[in-house]
Amino acid sequence: MTALARLTGLLSAAGAAALVAGGLALGAVAAPGEPPLAAAPAPVDVAVPASDQQLVCPGAPVPVTGGQGGGRGGAPAGASATAGLVVAGGDPVLTAQALLQRPGPDEAPGDSGGDSEDGDDGDDGDDGDQPATSAPAPVPARPLGDLQRAEPDAALAAAGSATALTSAPVAGRAPLLAGAATSAVASGDLRGLSTPACVLPQEQSWLVGGGSGVGRSTRLVLADAAATPTTVDVTVLTAGGAQRPSALQGLSLGPGEQRSVLLEGVLDGVAAGADGGAGGGADISGAGAPLAVQVSSSAGPVAAWLVESVLHGLVPGGTEVVGPAAAPATSLVVPGVATAGEQPAVLRLANPGSDPVVARFAVVGASGASVPPGTPPATAVPPQSVVDVPLPGLPSGGVAVAVEADGPVLAGVRTDSAPSQDGSEPGDLAWTAAAPPLAGPALVALPPAARAGRGGAGAAPDVRLVLTSRGASQLDVAVVGADGRTSAARRVELPASTTTAADVDDLARAAGAQRPPVALLLTPVPPAAGGEDGAGQVVAALTARLGASGGGGDLLSAAPVAAAAVAPAAVPVALAGP
């Protein structure tokens with residue numbers, strides 16, 4: 001869409017709002033000495049032109065010092081890839097644009113391709129206003145059957161740069177857009193698998209995950225993919241209450257720019273809250289000092305995510321990219337919980353309100369919902385704070401956790417693949433957050449096969465689709481193959497309060513695909529007339545796993561399926577006057 005077309009759409013929407021406001025005013029007031037105005041006519045729906053859609057894909061996790069190393073002593077770089085997809089034919093409507101990483105206050109422009117840790121001085125970021133290099137050229141999509149596919153510069157993504165996916169409308173309608181990234185590191189401090197879905201920029205978002213303490217590091221990454229600058233304020237909920245460090249207020253972001261902040265470097269008193277244990281004080285029993293993060297932008301939507309990495313002494317405990325969670329609510333579902341090791345999963349509950357909240361929870365599996373043995377069915381969450389609840393004995397096939405509370409809460413679940421409780425062998429961690437139910441068709445990009453640096457082999461994780469239904473419902477699942485062709489949809493029956501998991505490769509073979517799939521198309525089935533209302537009942541996630549080489553637990557990751565952004569196709573306008 002051209003700049004003129006976008007401007008026309010904005011003016012049309014603004015004009016419609018002005019007409020609505022003006023009509024209400026004219027219908028309520030008549031000039032002195034004039035006859036009363038006639039009643040306002042019924043509103044008329046005025047079409048709103050479809051606009052561009054945008055997602056931001058996280059770059060690969062990188063060491064705190066920047067660069068691509070996978071760990072100590074020059075460990076080889078991991079494998080990574082990013083891909084964007086849109087349902088469209090004809091001329092390209094999709095582009096992939098790598099974002100610039102702002103250099104830190106002590107880093108000269110062009111020093112390192114890695115993320116900067118520039119949140120320790122609390123200033124307005126003026127020392128980093130000049131980007132290290134000019135922005136690379138956007139990468140146009142290429143046709144792929146029923147889709148278009150865009151892949152950014154692999155080296156920039158591997159060095160931590162985020163990618164903005166931007167699609168113009170398709171046939172006058174909002175595009176069906178999706179994207180995903182993969183990062184796999186087999187050894188070193190950043191050992192782990194991350195398969196985040198690309199993030200929808202928002203003016204306010206919540207991130208449930210991360211921790212601070214001995215051997216734990218959590219980095220907040222912010223990205224502005226818009227054409228205008230903005231400033232961001234960050235609130236962090238901890239076990240001891242809310243914190244708003246000065247270093248996290250008024251963070252400036254320029255157009256097409258990303259920056260990051262190490263949270264343990266700006267928070268007060270959270271490192272001391274980590275549990276001690278074997279391995280030189282390493283936290284092996286939980287998720288460290290728990291965190292939940294609120295990101296608020298003052299001048300337009302931004303994308304945000306967390307990068308958490310864990311070391312048990314000198315033993316790597318995993319790395320994960322944590323995406324946004326569903327907004328605070330009294331009823332939530334955390335999908336795609338897949339356990340793989342000896343350590344129990346951990347349910348994280350955050351209360352952003354000013355009153356205490358009591359939250360009840362249950363594990364939703366193939367046979368229904370239940371509370372794990374030895375786990376209390378409810379917990380109290382103090383105001384403006386975070387609580388972690390161990391969930392031992394979860395099945396490994398993929399489940400969900402349902403939460404009901406007497407006040408709005410946030411929820412997420414952490415799993416760990418460490419083969420032993422004492423943390424003596426390498427493991428990995430995965431975070432999955434509460435997600436809204438599917439309200440309409442959703443294109444789900446599968447984690448792309450990662451390409452390794454320095455001549456190594458690529459990594460293609462095993463991926464499972466995990467579906468949880470709150471009420472009896474149906475879902476059509478279609479597979480998009482590597483040739484871009486969409487299979488006939490397969491209808492899945494989902495009983496109430498159950499979870500169903502399926503291997504994506506099995507779905508592809510059943511659909512007749514000859515090559516690995518690149519996406520899924522999920523379409524909720526409207527309820528039959530007079531039947532049970534099953535709309536908005538299904539919550540979905542992808543779980544991914546790579547077999548470990550050289551010992552230790554498997555590499556694992558999870559990514560909830562976010563609801564697509566829905567813009568109104570029309571707005572009601574009422575005209576009134578003499």
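Modeller: Let's start with a term: buried means under 20% relative accessible area, exposed means over 50%, and partly exposed lies in between (1.4 Å probe, protein chains only). This is a predicted model, where local features need pLDDT of at least 70, side-chain atom pairs count only at pLDDT 80 or more, and totals for chains, interfaces and linings use all residues. Residues are numbered from 1 along each chain as its sequence is written, and side-chain values use heavy atoms, with hydrogens and water left out.

Biologist: Thanks! Is R348 buried or exposed?

Modeller: R348 counts as buried, at 0% relative accessibility.

Biologist: And which side chain does R348 meet in a salt bridge?

Modeller: Here is the general idea: side chains of opposite charge can pair when their charged atoms come close. A salt bridge needs a side-chain nitrogen of Lys or Arg within 4 Å of a carboxyl oxygen of Asp or Glu. In this structure, R348 meets D388, at 2.8 Å from N to O. The two are 40 residues apart, with D388 in strand β26 (residues 385-391) and R348 in strand β22 (residues 345-351). Strands (E, at least two residues) are DSSP runs, numbered from the N terminus. D388 is partly exposed, at 24% relative accessibility.

Biologist: How many salt bridges does a search of the whole structure find?

Modeller: The search finds nine. One of them joins E151 and R142, whose closest N and O atoms are 3.6 Å apart. R142, R149 and E151 are linked in a network of salt bridges.

Biologist: In what order do the strands of the open sheet come?

Modeller: Strands pair if DSSP finds at least two bridges between them. Here the order is β2-β9-β4-β6, with antiparallel pairing.

Notes:
Helix = DSSP H or I, 4+ residues; strand = E, 2+ residues; numbered from the N terminus.
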